[in-house]
Amino acid sequence: MAPLALLIVLFLIVPLVRFVVLSVDNREIAQALSQTAAALETWQGADVPGDAAFAAFNRDLVRETEKGSIAKLGARLNFFQGGMNSLIRKTITRSSDLEPTRTAFEAVDKRWGDLKTWRAIKLATNPAIPEYYFNALDLRTADPTAMVSVEVKPEAQRVYMRLWLRTILVALLVVFVCTAIGYPIAYYLSNARGLAFAVAMGMVLLPFWTPLLARIASWVILLENGGVINSVLVALGLVDDANRPQILHNLFATVVVMSYVLLPYAVLPTYAVMKRVQPSLFKAALTLGATPLRAFLTVYLPQTLPGVLAGGILIFVLSFGFYLTPELVGGPSGSLIGNLIAYNFSKSLNWGLAGALATMLLLVIAAAALVLRAVSPQPEQES
């Protein structure tokens with residue numbers, strides 16, 4: 001078991017711990033603003049701090065400029081308050097001969113007299129911060145001297161909760177579509193024999209043998225404005241050539257392609273359970289006077305429900321963290337939380353926010369799996 005345990009530790013436990021640390025770690029910026037942190041230690045946040053805080057901040061600016069890390073400091077401060085990067089760049093051009101007073105700083109830029117600026121600086125002086133988790137829920141610290149005090153962001157700044165809700169909605173839709181399509185396929189496979197079974201099972205397994213990027217690219221060809229589906233609709237006279245529907249780069253395309261990719265995960269677990277169901281039970285219910293619908297709902301469906309739930313859990317977990325499919329076919333209206341995590345890791349370099357989003361994503365998936373596991377029927381033990 002040692003190789004398996006080592007694999008789990010290196011490629012699962014360590015990355016997860018790293019995500020959690022990144023989501024609260026702010027030691028680098030806190031050390032860069034060490035003198036400012038000491039000057040703001042007793043600041044109550046009711047008004048802009050005095051000249052001592054400005055002098056300490058100026059010394060930190062000069063030191064970081066000499067170290068060559070002022071650009072990084074400005075970029076990180078920008079995570080706490082928009083415009084801080086440009087404000088820092090504007091100020092460092094005067095930092096060597098700038099008088100360390102509030103009046104002199106405000107002469108450079110009026111934003112130095114804004115309480116929001118110093119709220120961001122105060123937050124940035126803490127070595128461990130929950131701010132990234134607040135941002136991931138469209139919240140923010142209401143009082144910079146009491147970080148547990150939170151408030152909802154203005155309406156124009158709320159973006160993350162919409163993405164969370166959209167991701168949950170898409171995951172549930174994909175589970176529903178895959179289950180609705182996969183259940184009849186699994187039933188056919190459980191009753192098919194010989195060549196019919198081999199062909200049907202081969203069609204179910206075919207996506208596993210095809211690279212994911214190739215499958216997504218094929219759907220792009222089908223769904224694009226001049227693609228196969230729109231061309232067929234125009235040829236049949238169902239739509240006008242000048243008014244072809246937009247079925248790519250939206251939420252519809254995201255749900256369709258994700259359902260196609262994940263459909264085998266609904267078929268195979270359900271098929272495995274159906275193979276263990278005795279057909280004589282269904283026939284016995286019919287001979288005892290039950291209608292086919294009642295026999296299905298009371299005899300057959302309960303016995304196959306564990307396979308349906310197992311496939312649903314697997315599809316929900318996989319679809320909740322999807323990134324490549326929404327990126328290629330979803331567009332702005334079809335992007336999910338995974339796309340935002342990738343953006344913060346690779347483009348904006350806000351690793352703290354990306355770590356918080358990734359940690360919350362894992363917690364949501366784990367909670368969903370536990371809830372679905374709890375409501376799933378347990379096999380009866382033999383007496």
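Author: A surface patch here is built from residues with over 30% relative accessible area and no salt bridge, and nonpolar side chains are joined into one patch when they lie within 5 Å. Please keep in mind throughout that this is a predicted model.

Reader: Which residues make the nonpolar surface patch, and about what area does the patch have?

Author: The patch covers about 1,100 Å² and is made by L4, L6, L7, I8, V9, L10, F11, L12, I13, V14, V17 and V21. To take one of these residues, V14 sits in helix 1, which spans residues 2-24. Since the relative accessibility of V14 is 44%, this residue counts as partly exposed.

Reader: How should I read a cavity, and how many cavities of 30 Å³ or more does the structure hold?

Author: The general idea is that rolling a probe the size of a water molecule over the atoms shows where empty space is left. In this structure there is one cavity of 30 Å³ or more, and the space in the largest cavity comes to about 30 Å³.

Reader: Which residues line the largest cavity, and which helix gives the most to the lining?

Author: The lining of the largest cavity consists of C178, T179, G182, Y183, A266, T270 and V308. Two elements, helix 10 (160-191) and helix 14 (251-274), each give two or more residues to this lining, and helix 10 gives the most, with four residues. Sorted by class, the lining has four nonpolar residues, three polar residues and no charged residues.

Reader: What is the idea behind a salt bridge, and how many does a search of the whole structure find?

Author: Side chains of opposite charge can pair when their charged atoms come close. A search of the whole structure finds eleven salt bridges. In one of them R27 pairs with D25, with the closest N and O atoms 2.8 Å apart. R27 is partly exposed because its relative accessibility is 48%, and D25, with a relative accessible area of 22%, is partly exposed as well.

Reader: Which salt bridge ties together parts that are twelve residues apart in sequence?

Author: That is the salt bridge between R119 and E131, whose closest N and O atoms are 3.9 Å apart. R119 belongs to helix 8 (residues 115-124) and E131 to helix 9 (residues 131-136), so the pair ties together parts that are twelve residues apart in sequence. The relative accessible area of R119 is 13%, so R119 counts as buried, and E131 is buried too, with a relative accessible area of 5%.

Reader: Which residues do salt bridges that share partners join into one network?

Author: The network holds D60, R63, E64 and K67. E64 is buried at 3% relative accessibility, whereas R63 is partly exposed, with a relative accessible area of 22%.

Reader: Are D138 and H249 buried or partly exposed?

Author: D138 is buried, its relative accessible area being 3%, while H249 is partly exposed, with a relative accessible area of 43%.

How values were computed. Residues numbered from 1 in each chain as written. Predicted model: local features only at pLDDT ≥ 70, side-chain atom pairs only at ≥ 80, totals over all residues. Heavy atoms only, no water. 1 Å grid on protein atoms, 1.4 Å probe; cavity = no way out; pocket = protein on both sides within 12 Å on 5 of 7 lines; lining within 4 Å. Points joined across faces, edges and corners; volume = space filled by probe spheres on them. Nonpolar A, V, L, I, M, F, W, Y, C, P; charged D, E, K, R; others polar. Patch = residues over 30% accessible without salt bridge, like charges linked within 9 Å, V, L, I, M, F, W, Y side chains within 5 Å. Areas by Shrake-Rupley, 256 points an atom, 1.4 Å probe, with all protein chains shown as cover. Salt bridge = Lys/Arg side-chain N within 4 Å of Asp/Glu carboxyl O. Buried < 20%, exposed > 50% of the residue type's maximum accessible area, 1.4 Å probe, protein only.
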